[in-house]
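Visitor: Hi! Could you walk me through a few spots in this structure?
Guide: Happy to, let's have a look together.

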Amino acid sequence: MANAFAAQPGHEWREEKLQAPAFLGESLDVRALLPPDYDAAQRYPVLYLNDGQDGQAVGLKATLQRLRAEGRIAPLIVIAIGMPKDRLGAYGLSDRLATRSLVGGSRVGPIGVQAHAYSHWLADSLVPFVDARYRSVPRPQGRAILGWSLGGLNAFNLGWQYPEIFGITGAFSPSFWLAGERGDAAAIQRTRLAQRMLDAGSKREGSRFWLTVGDREETDDRDGDGIIDAVDDARDLVDGYAGSGATLRGLRQLGYKTNLGERDMPAADDTAAFRLFAGGEHNQASWAKELPEFLGWAFPASGGGKLLHFPQFSSARVASRNVDVWLPPGYDGDPRKRYPVLYLHDGQNLFDASRDTAYGGTTWGIDEAMTKLIASGGIRAAIVVAVWNTPARLAEYMPAKAVTTDAVHFVDGWPDLPRGDLRSDEYLSFLVDELKPFIDERFRTLPGRDDTMLMGSSMGGLISAYALTEYPQVFGRAACVSTHWPAGGGAAIDYFGKHLPDPATHRFYFDHGTATLDAAYAPYQQRMDQAMQRAGYRNGVNWISREFPGADHSEKSWRKRVEVPLRFLLGR
């Protein structure tokens with residue numbers, strides 16, 4: 001096969017030919033394309049590409065280079081998979097549970113005879129191989145599968161049948177015409193395999209689908225409605241089909257958000273995006289023109305800055321855990337400039353959606369909020385250190401010295417935690433004695449108390465306040481969002497009231513909503529506010545306590561108001 005990514009002047013992308021696992025004894029030509037800034041400390045989303053031999057014809061490398069230079073897409077890895085010898089056999093649909101292919105007929109013979117074998121190979125053999133070799137994001141939100149024509153049909157199959165592997169699917173000019181019966185037009189309409197496969201299933205939570213079809217793909221119009229079949233088939237898959245004695249659901253009926261009937265261009269939050277390409281034909285030249293639109297939707301650039309990932313950061317005090325470090329825009333531009341540092345708890349919930357979103361499928365969007373506020377001059381540029389939690393989250397976040405009972409009650413329906421199991425003092429020691437020295441040594445920080453801050457939500461709010469009481473010489477400010485004061489019957493309030501640091505040198509932010517779990521917080525927060533006043537803190541100066549009516553206890557709510565605590569902590 002010819003080089004899929006012909007070298008072009010000025011390109012620094014690195015291509016590697018992989019000795020990938022064989023597909024049914026056949027060694028497919030699999031190549032990896034790595035971004036210029038590929039960094040061993042960072043993880044990257046991955047785009048898997050059917051018909052990878054078309055990389056040069058669709059201008060893949062040049063498009064990636066341009067979009068990265070324009071700041072439109074995040075850095076990513078591309079895995080280009082050369083087509084199997086039996087392309088018609090491999091690029092089809094499958095029934096994963098039944099371990100069989102869904103074979104359809106055509107003028108040139110059956111299509112998809114090996115579709116189950118190919119899809120299973122790609123998802124269960126090639127993906128683990130790539131994850132072991134590269135710094136990939138090993139989660140569905142960090143993996144996309146793309147293809148065109150029959151390769152697009154199979155891409156849709158992979159996204160639908162393997163949602164725990166692929167969270168993003170792109171299908172250009174997909175062959176959704178493939179049907180179980182071909183006796184007449186009506187039979188084709190009601191037995192289209194992709195439509196029936198979708199109708200028989202349910203929504204794949206967290207999955208996103210992008211379908212692109214040109215309005216000059218063909219001239220066939222089997223139902224005589226004046227719209228070519230390629231467009232009709234794709235629209236029906238998104239919007240459902242009723243006719244020829246069948247009613248078949250589409251992505252919209254399954255609960256996906258789509259742009260059909262609302263606007264021409266898909267939006268960033270569409271989960272079933274449809275793109276009708278005016279003048280688009282069934283060829284690589286048209287797919288090349290559509291590629292930037294898909295990449296911008298699938299891999300949008302983060303809010304700015306650079307995100308580094310340190311997996312399983314080891315500790316002598318607590319269990320190892322992942323740590324993310326976000327460097328603000330311009331960090332690499334001035335080697336003399338130093339930055340304040342904001343430490344955040346529950347780190348897997350803070351950045352882009354390709355990362356582990358443990359609670360509710362929404363992140364705080366910290367990178368986006370920080371970049372926006374920095375650009376507007378509303379806050380100082382800062383380094384963000386996101387410390388992931390572990391299964392011992394409650395034990396590590398509950399202020400141990402505040403507990404005087406034998407066990408801690410957190411929420412009705414949850415088991416109480418024995419006092420002897422608490423590990424918050426060890427967790428704070430990890431932050432102060434192990435993680436902070438590493439951050440200060442590795443990055444250009446302002447290491448003093450006034451430039452070292454914390455933020456967290458719920459139990460993360462408790463541990464943030466606890467850090468200021470225990471290490472007032474290290475941490476100067478804390479933002480405690482939807483603080484879970486009811487833990488231990490409000491024991492932390494009594495402890496903090498007696499151990500608050502000097503109001504001349506420290507600052508606290510508290511807030512809460514009024515819905516779901518937050519609905520119980522107001523009386524506790526009032527007690528804490530009284531303790532702040534007694535300790536000499538002045539509301540609006542070195543202490544803020546806010547209520548957000550209607551806000552619930554979720555990442556979605558915290559994302560909406562995250563700029564408020566960020567301004568308090570880092571405001572100029």
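**Around helix α9**

Guide: Covering the buried residues of α9 are, among others, β14 (321-327), β15 (341-344), β16 (383-387), β19 (452-457) and α16 (563-570). This is a predicted model, where local features need pLDDT of at least 70, side-chain atom pairs count only at pLDDT 80 or more, and totals for chains, interfaces and linings use all residues. Residues are numbered from 1 along each chain as its sequence is written, and side-chain values use heavy atoms, leaving out hydrogens and water.

Visitor: Which residues of α9 are buried?
Guide: They are Ile366, Asp367, Ala369, Met370, Thr371, Leu373 and Ile374. Buried means under 20% relative accessible area, exposed over 50%, and partly exposed in between (1.4 Å probe, protein chains only). Helices (H or I, at least four residues) and strands (E, at least two) are DSSP runs, numbered from the N terminus.

Visitor: And what comes just after α9?
Guide: Gly377, with a positive phi of about 80°.

Visitor: New topic: which residues of α12 meet α13?
Guide: Leu462, Ala465, Tyr466, Thr469 and Glu470 in α12 meet Ala492, Tyr495, Phe496 and His499 in α13, where contact means heavy atoms within 4.5 Å.

Visitor: Back to phi, what about Leu24?
Guide: Leu24 has a positive phi of about 50° although it is not a glycine. Most residues other than glycine have a negative phi. Leu24 sits in the loop between β1 (14-18) and β2 (30-34).

Visitor: Is Leu24 buried or exposed?
Guide: Exposed, as its relative accessible area is 58%.
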